[in-house]
Amino acid sequence: MPPAAAAPSFALLPGAAASPVILHVPHAAREIPAGVRAGIVLDDAALERELDHITDAHTDAIAGEAARLAEVTPWRFVNRLSRLVVDPERFPDEREEMRAVGMGAVYTRTTHGEALRGDGHDPGPLVERYFRPYADAMTEAVRERLAAVGRAVVVDVHSYPTERLPYELHGAGSRPPVCLGTDAFHTPPELLAAARAAFAGVGRTGLDSPFAGTYVPLEHYGREPAVSALMVEIRRDTYMSEPGGPAGAGLPRLAAALAALVDAVS
């Protein structure tokens, strides 16, 4: 099947016309196309274990339930493929610090430092096939919110393990129930305050530890103050069995908190 006929690797799920909010869910999926699987050196059992560790399981369900609960339905931009295909939140070049552990836009090492792809693997075809169309579509989604309502609020929905994994470059610090990742230009104080208030019932919120920063399309990054952004990193033991297990009773509470944040900034 030619690439033009292939199923989209991401989806923009519509929200209310008046909503500025885009819930961005980049790491919830486990799907790996057969052609991409062929370039991964892990056997099937090892690959499933790696997916258990690296996938932000059920974050798409959290975002979906939050969208249902919100008074003004947010837009959702959801990755349909595993981050082991490409990680849309990485820089595709030498700017990306995670290249140091083999986890640039196209991963070559696992969460535990083992080989994921063979030596000399060329990331270029995966970047062109999957990374750039995703980035272009997310950029266009933000443009559309700016054109429609004059502002865009990107809320990045992630999760992270209770125990530090070897790949984490900055994992020695605090691991609160909810980590809020910020950007000096794109995270205004009122957005951060709204998030802290919304998640207060879940437990302590931390700032930029163990993960920092947030996603903004490069076209707008550091240039457009009408684009605000925040990363919400949820510690997995608050809502699921680790690693890679089912969701539990904590998921509805987190979805309600995320909906409260959406409503506060809509």
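The second largest pocket of this predicted model has a volume of about 190 Å³. Its lining counts 13 residues, and the closest to its centre are Arg99, Gly104, Ala105, Val106 and Pro123. By class, seven lining residues of this second pocket are nonpolar, four are polar and two are charged.

Now turn to the largest pocket. It holds about 1,000 Å³ of space. Its lining has 47 residues, with Glu89, Arg90, Phe91, Glu96 and Thr214 the closest to the centre. H4 gives the most, with five. The lining of the largest pocket divides into 21 nonpolar, 10 polar and 16 charged residues.

Next comes a helix pair. Helix H5 (residues 189-198) and helix H6 (residues 250-265) have axes that come within 8 Å and cross at roughly 150°. The crossing of H5 past H6 is right-handed. On the H5 side, the contact uses Leu191, Ala194, Ala195 and Ala198. On the H6 side, Ala257, Ala260, Leu261, Ala264 and Val265 meet them. The residues of this contact are nine nonpolar, no polar and no charged.

The backbone deserves a look too. Most residues other than glycine have a negative phi, and most peptide bonds are trans. Some spots in this model depart from that pattern.

Start in the loop between strand S6 (205-207) and strand S7 (227-235), where proline 210 is found. The peptide bond from serine 209 to proline 210 is cis, with omega near 10°. Aspartate 208 sits in the loop between S6 and S7. Its phi is near 55°, a positive value in a residue other than glycine.

Follow the chain past S7. Proline 243 is found in the loop between S7 and H6. Here the peptide bond from glutamate 242 to proline 243 is cis, with omega near -15°.

One further positive phi belongs to histidine 58, at about 70°, although this residue is not a glycine. With a relative accessible area of 24%, histidine 58 is partly exposed.

Methods
Residues numbered from 1 in each chain as written. Predicted model: local features only at pLDDT ≥ 70, side-chain atom pairs only at ≥ 80, totals over all residues. Heavy atoms only, no water. Axes fitted to C-alpha atoms, helices over the stretch in contact; angles between N-to-C directions. Helix = DSSP H or I, 4+ residues; strand = E, 2+ residues; numbered from the N terminus. Left-handed = near helix turned anticlockwise from the far one by under 90°. Contact = heavy atoms within 4.5 Å. Nonpolar A, V, L, I, M, F, W, Y, C, P; charged D, E, K, R; others polar. Buried < 20%, exposed > 50% of the residue type's maximum accessible area, 1.4 Å probe, protein only. 1 Å grid on protein atoms, 1.4 Å probe; cavity = no way out; pocket = protein on both sides within 12 Å on 5 of 7 lines; lining within 4 Å. Points joined across faces, edges and corners; volume = space filled by probe spheres on them.
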